[in-house]
Amino acid sequence: MIKIDTLFEFRKGILFVRLTGVMTKNTYQKYNDEVIKIIKENGIKNVVINLNKIYNIDLKGINLLFYTYEIIKNNKGHLILANINDLIKIQIEKSHILKYVKEVDNELVSFDEIIV
């Protein structure tokens, strides 16, 4: 199961996505239906995904992060991963996604990383 909380920061034009649970083949559709839909329908350029409360991620979950990156890249924006916890840090690092997206310790730091 995955719980998704979103907050759009209008002042800086950033969509904050806070995830809880697992990002796996069993939960990817909910992420697509909620997060990807919001990004596409609103042309959002800047997204911060908080991974602090994700306790499992599989290849499908990693691919969702790459897919999110591709959409944001096409929108000429930035994707930032925040608060990557120790439980999934190894999978995130093995995926090489950090070659393409910025990692920050917390969401507040992301304001400094995104030039709007």
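Mentor: Happy to! One term before we start: a residue counts as buried when its relative accessible area is under 20%. Also keep in mind that this is a predicted model.

Trainee: Got it. Which residues of helix 1 are buried?

Mentor: Y31, N32, V35, I36 and I39.

Trainee: Why would they be spaced like that, three or four places apart?

Mentor: An α-helix has 3.6 residues a turn, so residues three or four places apart point the same way.

Trainee: Nice. What span should helix 1 have, and what does the model give?

Mentor: Helix 1 covers residues 28–42, which is 15 residues. At 1.5 Å a residue it should span 21 Å, and its end C-alpha atoms are 20 Å apart, so the two agree.

Trainee: And where does helix 1 bend?

Mentor: At I36, by about 35°. I36 is also one of the buried residues of that helix.

Trainee: What follows helix 1?

Mentor: G43, and its phi is positive, near 60°.

Trainee: New topic: how do helix 1 and helix 2 pack?

Mentor: Their axes are 11 Å apart, at an angle of about 10°. Angles under 35 degrees count as roughly parallel, so helix 1 and helix 2 are roughly parallel to each other. On the helix 1 side, the contact is made by Y28, Y31, N32, I36, I39 and K40. Helix 2 brings K60, L64, Y67, T68, I71 and I72.

Trainee: What about helix 2 and helix 3, at what angle do they cross?

Mentor: Roughly 55°, with the axes coming within 11 Å. Helix 2 is residues 59–74 and helix 3 is residues 86–95. That pair is therefore oblique.

Trainee: Is that crossing left-handed or right-handed?

Mentor: Helix 2 passes helix 3 in a right-handed crossing.

Trainee: Which residues meet there?

Mentor: I62, L65 and F66 from helix 2 meet Q91, I92 and S95 from helix 3.

Trainee: Back to phi for a moment. What is it for K76?

Mentor: Near 60°, a positive value in a residue other than glycine. You'll find K76 in the loop between helix 2 and strand 4.

Trainee: Is K76 buried or exposed?

Mentor: Exposed, because its relative accessible area is 73% and the cut-off is over 50%.

Trainee: And H96, where does that sit?

Mentor: In the loop between helix 3 and strand 5. H96 has a positive phi as well, near 70°. With 44% relative accessibility, H96 counts as partly exposed.

Key:
Residues numbered from 1 in each chain as written. Predicted model: local features only at pLDDT ≥ 70, side-chain atom pairs only at ≥ 80, totals over all residues. Heavy atoms only, no water. Helix = DSSP H or I, 4+ residues; strand = E, 2+ residues; numbered from the N terminus. Expected span 1.5 Å × (residues − 1). Bend = angle between axes of the 7 residues up to and from the residue. Buried < 20%, exposed > 50% of the residue type's maximum accessible area, 1.4 Å probe, protein only. Axes fitted to C-alpha atoms, helices over the stretch in contact; angles between N-to-C directions. Parallel < 35°, antiparallel > 145°, perpendicular 65-115°, else oblique. Left-handed = near helix turned anticlockwise from the far one by under 90°. Contact = heavy atoms within 4.5 Å.
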